Amino acid sequence: MNILLWHVHGSWTTSFVHGKHRYLVPVTPDRGPYGLGRARTYPWPDTAVEVTPQQLRREDVDVVLLQRPEEFDLAREWLGRAVPVIYVEHNTPKGDVPNTRHPMADRDDLLLTHVTHFNELFWDNGTTRTAVVEHGVVPPAVTWTGELDRLAVVINEPVRRGRVTGTDLLARFAEIAPLDVFGMQVAGLADHLGLPADRVTSHDDVPQHRMHAELARRRAYLHLCRWTSLGLSLIEAMTIGMPVVALATTEAVQAVPPGAGALATRVDTLLAAAARFVADPTEARRAGAEARTAALGRYGLDRFLADWDRLLEEEVCASR
């Protein structure tokens with residue numbers, strides 16, 4: 001199939017474009033939010049092809065994957081015709097939860113596909129048809145060594161997002177061990193938290209393969225998000241073999257089995273677990289092995305792509 005999708009979420013798209021199809025990724029001269037083109041810090045196969053809005057008029061597009069409401073009209077404008085539409089919702093609802101209406105609610109011209117069962121449950125989807133395709137990840141090329149008694153975190157925009165991503169909790173964990181925080185717009189985080197630079201080190205927008213290599217050297221992975229969808233970085237860390245210290249919120253309660261680390265809503269419980277992993281590499285290795293087994297079993301790339309192939313074929317065939 002020829003699939004049109006915008007480059008919105010780098011990690012998710014990296015997994016998606018590893019399938020058997022041809023992926024048309026819009027590019028504009030400014031490489032802005034609606035024309036970002038191919039990823040520069042993620043490895044994408046050659047089947048992910050950059051196309052301009054003008055070129056799309058001549059492309060034989062089988063299906064459009066939308067990820068933002070405004071893309072619906074943009075796709076119609078750029079294609080000049082209607083094609084089957086699947087809307088992929090990556091996020092938890094905002095606002096008046098659990099009564100938040102999804103922007104694609106009560107529509108009969110698309111399939112609304114969530115990345116977690118939690119998200120499907122908590123969004124008010126109205127009468128729109130829904131499906132769930134759980135995440136899958138390209139297996140990182142490294143495995144856990146954990147020789148550094150430091151804790152790793154991956155957060156995008158931790159200062160702006162604040163309590164949503166658990167940024168306010170980081171200082172308490174920095175008392176146990178130094179933190180390495182990876183992600184977009186993480187520079188200056190130590191100053192924001194009022195901590196010395198040797199307790200919180202920021203690694204801003206590091207290429208994925210290098211980030212994975214650095215994560216693998218840290219003792220354990222922190223997942224302190226209060227209200228976000230299931231981050232692919234958490235699954236990647238588990239696949240590497242890192243023990244996980246996570247808040248028991250949203251889909252994390254399904255993704256992280258008890259033996260893979262610590263999962264709790266009491267921060268003191270998580271602090272104790274982090275201290276235990278820092279002090280005991282053997283225990284960290286045991287928990288990390290369970291995390292890896294769980295992640296490979298549930299979030300393997302082959303399962304993810306097979307689920308998407310079934311859904312794509314059903315939608316395109318139904319439209320014909």
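This is a predicted model: local features need pLDDT of at least 70, side-chain atom pairs count only at pLDDT 80 or more; totals for chains, interfaces and linings use all residues.
Biologist: Which residues does Arg107 touch, and how is its accessibility to be read?

Modeller: Contact means heavy atoms within 4.5 Å. Leaving aside residues up to four places away in sequence, Arg107 touches Phe72, Thr127 and Thr128. For accessibility, buried means under 20% relative accessible area and exposed over 50%, with partly exposed in between (1.4 Å probe, protein chains only). Arg107 has a relative accessible area of 23%, so it is partly exposed.

Biologist: Is Trp78 buried or exposed, and what does it touch?

Modeller: Trp78 is found in helix 3 (residues 71–79) and is buried, because its relative accessible area is 12%. Beyond residues up to four places away in sequence, Trp78 touches Trp6, Pro26, Thr28, Tyr34, Pro53, Leu56 and Arg57. Trp78 and Gln54 are 24 residues apart in sequence, and 7.1 Å apart in space, C-alpha to C-alpha.

Biologist: Which residues of helix 12 are buried?

Modeller: The general idea comes from the helical repeat. An α-helix has 3.6 residues a turn, so residues three or four places apart point the same way. In helix 12, the buried residues are Ala284, Ala287, Gly288, Ala291 and Ala295. They cover an arc of only 105° around the axis, which puts them on the same side of helix 12; the arc is that of the directions from the helix axis to the C-beta atoms. Thr282, Thr293 and Gly297 are exposed and lie on the face of helix 12 turned away from its buried side.

Biologist: Against which elements do the buried residues of helix 12 pack?

Modeller: They pack against strand 11 (218–223), helix 9 (232–240), strand 13 (261–264) and helix 11 (267–279). Of these, helix 9 is mostly covered, with 9 of its 9 residues buried. Just after helix 9, Gly241 takes a positive phi of about 105°.

Biologist: What span should helix 12 have?

Modeller: The expected span of a helix is 1.5 Å times one less than its number of residues. Helix 12 (residues 281–298) has 18 residues and should therefore span 26 Å, which agrees with the 26 Å between its end C-alpha atoms.

Biologist: At what angle do helix 11 and helix 12 pack?

Modeller: Two packed helices are described by the angle between their axes and the distance between the axes. Axes are lines fitted to C-alpha atoms, for helices over the stretch in contact, and angles run from 0 to 180 degrees between N-to-C directions. Helix 11 and helix 12 pack at about 110°, with their axes 5 Å apart. The two helices are therefore roughly perpendicular to each other; angles under 35 degrees count as roughly parallel, over 145 as roughly antiparallel, 65 to 115 as roughly perpendicular and the rest as oblique. At this contact, Arg276, Phe277 and Ala279 in helix 11 meet Pro281, Glu283, Ala284 and Ala287 in helix 12. By class, the contact has 5 nonpolar, no polar and 2 charged residues. Here Ala, Val, Leu, Ile, Met, Phe, Trp, Tyr, Cys and Pro count as nonpolar, Asp, Glu, Lys and Arg as charged, and the others, Gly among them, as polar.

Biologist: Which residues of helix 8 are buried?

Modeller: In helix 8 (residues 208–217), they are Gln208, Met211, His212, Leu215 and Ala216. They cover an arc of only 135° around the axis, which puts them on the same side of helix 8. These buried residues pack against helix 1 (10–16), strand 8, strand 9 (179–183), strand 11 and helix 9.

Biologist: What phi does Arg31 have?

Modeller: Arg31 has a positive phi of about 45° although it is not a glycine. It lies in the loop between strand 2 (22–26) and strand 3 (48–51). Glu157, also not a glycine, has a positive phi near 55° and is found in the loop between strand 8 (148–154) and helix 5 (158–161).

Methods
Residues are numbered from 1 along each chain as its sequence is written. Side-chain values use heavy atoms; hydrogens and water are left out. Helices (H or I, at least four residues) and strands (E, at least two) are DSSP runs, numbered from the N terminus.
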